[in-house]
Amino acid sequence: KLAILGIVPLFLLPYVIFISLRLKFTEAIIITFLTGLSIDILNPYLLGVNTFLLLIVSHLVSRYHTSVTKDKFGPVGISVLLLNLIYFIPYFLLKGIIFGFEFVLLGLLPLEIIYNSIVTLTFLSLLTIIIKLKVVIDV
């Protein structure tokens, strides 16, 4: 299991960031919308929250990333941390408004953001390596 203190990493965030970096804006937004909607259907109490927040992340990545920061760990790490903040703080606030705030979870929010940032960086690196691989079939 990858859960730490009950915090399960959000694997959709690196996926959304990756497709937003690789695809055209319109394609990335459509895929992000369908992905977010499929997750929201599983949790009808928060219907639309994941979709909305993932669309914001996809929009920011698609519109404001530059090729200068792609290969440098520092700027990429800070960008990923900011994207996790942009996703998890509104998600926590909306979830707290709907279900009530639990102060134990408030203490875990910074750990959740840091842990998800590390997972996001790891999976973005892995996806970048995989996309560069070339398969040759010699018959």
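Predicted model: local features only at pLDDT ≥ 70, side-chain atom pairs only at ≥ 80, totals over all residues.
Visitor: Why is Ser62 called buried?
Guide: Ser62 has a relative accessible area of 17%, and since buried means under 20%, Ser62 is called buried because its value falls under that cut-off. Ser62 is found in helix H3, which covers residues 49–64, and, not counting residues up to four places away in sequence, Ser62 touches Ser20, Phe25 and Ala28.

Visitor: What describes the packing of H1 and H3?
Guide: Two packed helices are described by the angle between their axes and the distance between the axes. For H1 and H3 the angle is about 35 degrees and the axes are 8 Å apart, while the crossing is right-handed.

Visitor: Which residues of H1 and H3 meet?
Guide: From H1 come Leu12, Leu13, Val16, Ile17, Ser20 and Leu21, and they meet Leu54, Val57, Ser58, Val61 and Ser62 in H3.

Visitor: How do you know where Leu10 lies, and what is Leu10 in contact with?
Guide: Helix H1 covers residues 12–22, and Leu10 lies in the segment before H1. Leaving aside neighbours within four places in sequence, Leu10 is in contact with Tyr87, Phe88 and Asn116, where contact means heavy atoms within 4.5 Å. The C-alpha atoms of Leu10 and Glu112 are separated by 9.6 Å, although these residues are 102 residues apart along the chain.

Notes
Residues numbered from 1 in each chain as written. Heavy atoms only, no water. Helix = DSSP H or I, 4+ residues; strand = E, 2+ residues; numbered from the N terminus. Buried < 20%, exposed > 50% of the residue type's maximum accessible area, 1.4 Å probe, protein only. Axes fitted to C-alpha atoms, helices over the stretch in contact; angles between N-to-C directions. Left-handed = near helix turned anticlockwise from the far one by under 90°.
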